[in-house]
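Please keep the sequence and the model in view while reading the points below.

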Amino acid sequence: MSPYIHFNPPAQEWAYTASGNSTPESTVLAFHRTVPDYNETALHNLPELAKELGLGHVLLKDESNRFGLPAFKILGASWAVYRGVGDHLGLPVADGSTPFAAVGAKAREQGVRIVTLTEGNCGRAVARMGARHMGIPTRVLVPKYMDEATRAKIRSEGAEVVEVDGAYDDVIPVALKEANADPNALMVLDVSVEGCDEIPKFFVEGYGTMLAESERQVLEATGGKPASHAIVPVGAGSIAEAVTAHYKATSRRKEVGAARVLSVEPTTAACLVESLKKGVSTSVQTADTIMCGMNCGTLSTTAWPVLRDGVDAAVTVEDIEAHDAVKELEGRGIKAGPCGAASLAALRRVCKDAKQELGLDDTSVVVLYCTEGPRDYVVPS
C-alpha cells in the first residue's frame with residue numbers, strides 16, 4: 001500500500017445531484033463569453049505519454065492563459081463578483097441576463113465596494129473583474145509574506161492592496177470583520193468559512209465553464225470516448241469540488257457513465273487526505289512548498305462533503321515530483337507551474353503504485369487539469 005495514495009472505495013458508486021438553485025454550466029459559459037478576452041483554453045493530447053503508461057488517452061486541460069491571466073481563478077472570480085454584487089443590489093443576475101457593466105454602474109451609484117483576500121491568483125482575478133471591468137472599488141488584503149511583484153500585479157488591476165501581519169488564515173478574520181462592519185462592503189471569498197458561504201458557491205459554479213469546454217474537447221480528441229478518470233489539484237477544495245461534482249453528476253452517469261476522480265495535494269499540505277482518513281474535515285499544519293497555490297491547511301466547508309463522497313483516491317506528491325512534472329511538460333511544449341503540473345505527477349504516482357486498483361488500462365481516457373501557468377520558484381533539491 002503506497003503511503004502517497006489514500007483510497008476511497010465508496011466514491012465509485014456515489015452520484016452527485018445538484019441543488020434546485022444551482023446554475024447550469026451552459027448559463028455560466030454564456031456569461032463568460034460576454035467578459036472581455038474570453039478564450040477557450042486548449043486541451044493537449046499526449047499520445048506518447050499515454051503509450052508509455054499503458055493508457056488509452058492522456059489529455060491535459062491547460063489553464064495557463066484564461067482571460068489573459070495565468071490561472072483558472074478568473075472563471076470563478078468573474079461569475080462570483082457578478083452574482084454577488086448583483087444579488088446584493090437585488091438585480092436579476094441568476095440567469096446572466098443583466099449585463100455586467102450595468103451591474104457595475106448600479107454598484108458605483110449605490111457606493112458598493114468589494115473586500116477580498118488572497119495569496120496571489122484569486123485576488124488578482126477578483127480585482128480584474130471587480131475593479132477593472134466593473135469599476136467597483138476593490139480592497140485586497142494580503143498576508144505579510146506576499147512578495148512585491150505579486151502585489152504589483154494586483155494593483156495593476158486597479159485594486160488597493162493592504163498588508164495584514166500573519167499568514168493567509170490570519171487574514172480571513174480581519175477581512176470578515178472589515179466587510180461586516182460596512183453594509184456597503186461585499187466580502188468576495190473563494191472558500192467557505194463560517195459567515196461566508198454563498199459567494200464561494202458562485203466560484204465553484206464559475207469553474208463549470210472549464211468543465212463544459214473540456215467535456216466537449218475530450219469527445220473530439222478521442223473520437224467520442226468520454227473521460228474515465230480526472231485528476232485535479234486540491235488547495236482549499238473549490239476547483240476539486242467543481243470537478244468532482246461534474247464527473248460524478250447523476251446526469252453524466254446516465255449519459256456516458258461516471259468517471260473516477262483523483263485529487264492531488266502537496267505532502268506538506270494534505271488536508272483532504274487527512275480529512276478522508278479521519279472521516280471529518282480536519283485542519284493540518286502546513287509547510288513551505290513550491291505548490292504554493294495548494295498550501296492550504298483547511299478545506300472549504302462546502303467542498304468537504306462533495307470531496308468526502310466523490311473523490312476515488314487522494315494522492316500526495318513531493319515538491320521534486322511536481323518540479324519534474326513541470327520540466328516534463330516543458331519538454332512536451334506545455335508551460336505550467338508546479339500546481340498545474342502536480343496532476344501529471346499524481347498520474348505517474350498512481351500508474352506506478354495503484355494502476356489496477358484504480359482501473360487504469362489501455363482503454364482509459366485520463367484528463368489532467370493543469371490549473372496554472374509558469375512562474376518562478378526555488379527549485380527543490
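The expected span of a helix is 1.5 Å times one less than its number of residues, and helices (H or I, at least four residues) and strands (E, at least two) are DSSP runs, numbered from the N terminus. The model is predicted: local features need pLDDT of at least 70, side-chain atom pairs count only at pLDDT 80 or more, and totals for chains, interfaces and linings use all residues. Residues are numbered from 1 along each chain as its sequence is written, and side-chain values use heavy atoms, with hydrogens and water left out.

**Helix H9**

- Helix H9 covers residues 208–222, and its 15 residues should span 21 Å at 1.5 Å a residue; the end C-alpha atoms are 21 Å apart, which agrees.
- Buried residues (under 20% relative accessible area, against over 50% for exposed and in between for partly exposed, with a 1.4 Å probe and protein chains only) in H9 include Gly208, Met210, Leu211, Glu213, Glu215 and Val218.
- Just after H9 comes Gly223, whose phi is positive at about 75°.

**The open sheet**

- Strands of a sheet pair through backbone hydrogen bonds, either parallel or antiparallel.
- Here four strands, in the order S6-S5-S4-S7, make up an open sheet with parallel pairing; two strands count as paired if DSSP finds at least two bridges between them.
- Strand S6 (160–164) and strand S7 (185–187) are the edge strands, each pairing on one side only.
- From one strand to the next, the twist averages 25°, where axes are lines fitted to C-alpha atoms, for helices over the stretch in contact, and angles run from 0 to 180 degrees between N-to-C directions.
- Strand S5 (residues 138–143) is joined to S6 by five bridges, and the two run parallel.
- Opposite Arg139 stands Glu160 in S6.

- Val35 belongs to the loop between helix H1 (25–32) and strand S2 (43–45), and it counts as buried because its relative accessibility is 5%.
- Contacts of Val35 (heavy atoms within 4.5 Å), leaving aside neighbours within four places in sequence, are with Phe67, Phe100, Met129 and His133.
- Val35 and Phe100 lie 65 residues apart in sequence, while their C-alpha atoms are 8.2 Å apart in space.
- Gly111, in the loop between helix H4 (100–110) and strand S4 (113–117), has a relative accessible area of 39% and is therefore partly exposed.

**Buried charged residues in helices**

- Glu328 is part of helix H14 (residues 319–331) and counts as buried at 18% relative accessibility.
- Not counting residues up to four places away in sequence, Glu328 touches Leu49, Leu344 and Arg348.
- Arg252 is located in helix H11 and counts as buried at 5% relative accessibility.
- Among the contacts of Arg252, with neighbours within four places in sequence left aside, are Glu215, Pro226, His246 and Tyr247.
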